[in-house]
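Here are my notes for your first look at this one. Keep the 3D view open and follow along point by point.

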Amino acid sequence: MDSRSPLFVRNGKLRVKCHTIIQQERSNPEHPKFYTSVTTFEFFRFRFHFRALDRVNFPQGKSANLIRGAFGTMLRQSAAPEEYARLFEPGTALGKSPSGLADWPRPLVFRAAHLDGSIVQPGDTFFLGVHVFDLRSPVLALLRAAFAELGHFGIGPGRGRAQLERVDQLDLSGGGHEAGDVPGEPAIVNLSAALEPVDRVVLRFVTPTELKAGGGMVSRPEFAVLFGRLRDRISTLRALYGAGPLDIDFRSLGHRAAAVRLTRSELNWERSLRRSGRTGQVHPLGGFTGEAEYEGELAEFVPWLRAGRWVGVGRHTVWGKGDFRLDLR
């Protein structure tokens, strides 16, 4: 890989260059050139393909959490302690979070909701999605080894075994290629404002979502709260694991987001719990799904909402919660 590329390997370590792209434009013939920055967010999108050796069961509403827990167990066994900690339990040992969070967010999320309630018969295939935000450390080999072990150990009730057959690296549109241990360049989401005015959007929450504000859970996804959580998550992931802190006016963005109105809210509340087999702690898996419609001056927020599909929003995103889609109706 060329060292001029945004992502390259040097001395066995993955390096990432800053992705604040400088575009040179001329405002008009009577004024000198000026420069505007286009800020981007980068991540890896992987798909792990398995073939079932036994019957594999995925409980309704718990597939991603089931995978997350088993993956963590296998990663602890297959990776060095410092690699496990960085990828799965970053805590605060890696430094202070710029967003003021008590712990660093994990640099990945699982996508397995499509498996909820399914039974995969021996010989049939299935896949799991993983979005990785750590561009500074080579992690694909760690993921591959842990998922291979997970397949041997068994997945779900009855611990049905499966064989990891290949790993694909995907782009934003779903196209891609088989990946080696060193991935290709990351997918890039442009966070600059949409060129055309947008005054109405619909968000469809496809997995349970929980948003906090003022120390408690919110019952309605007001735009200021939703965008605030999404903006902080994207900026924190980029600062800790990617190209670096975003050079944006957070306060002004927040003020403008507060002017966007929630005009329709058709949500269903799902309630479910999980108990950690390692710690015994009980965690909620529930939250709201359904649609929320917003109106206002939304053009500058559309790129952030598009990026939200890949990172998730709210609590427990690593489990696959907070996954949503944007509809510009």
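Predicted model: local features only at pLDDT ≥ 70, side-chain atom pairs only at ≥ 80, totals over all residues.

1. Start with a helix. Helices (H or I, at least four residues) and strands (E, at least two) are DSSP runs, numbered from the N terminus, and the expected span of a helix is 1.5 Å times one less than its number of residues.

2. Residues are numbered from 1 along each chain as its sequence is written, and side-chain values use heavy atoms, with hydrogens and water left out.

3. Which residues of α1 are buried? Buried means under 20% relative accessible area, exposed over 50%, and partly exposed in between (1.4 Å probe, protein chains only). Among the buried ones are Ile67, Arg68, Phe71, Met74 and Leu75.

4. Rings of Phe, Tyr and Trp (its six-membered ring) pair if their centres lie within 6.5 Å; planes under 30 degrees apart count as stacked, over 60 as edge-to-face and the rest as tilted. There are 23 aromatic pairs here. One of them joins Tyr84 and Phe88, a tilted pair at 5.8 Å centre to centre with 40° between the planes. These two sit in helix α2 (residues 81–88), four residues apart, about one turn of the helix.

5. Stay with that pair a moment. Tyr84 counts as buried because its relative accessibility is 7%, and Phe88 is buried too, at 5%. Ring pairs also tie both into a cluster with Phe48, Phe50, Phe58, Phe71, Phe110, Phe126 and Phe147.

6. Look for charges over rings (NZ of Lys or CZ of Arg within 6 Å of the ring centre and within 35 degrees of the ring normal). Arg106 lies over the face of Phe88, 5.1 Å from the ring centre. Likewise, the charged end of Arg47 sits over the ring of Phe127, at 4.1 Å from its centre.

7. Finally, check two loop residues. Arg159, in the loop between α3 (140–153) and β9 (162–170), has a positive phi of about 50° although it is not a glycine. Its relative accessibility is 49%, so Arg159 counts as partly exposed. His316 also has a positive phi, near 55°, and its place is the loop between α6 and β19 (324–327). With a relative accessible area of 21%, His316 is partly exposed.
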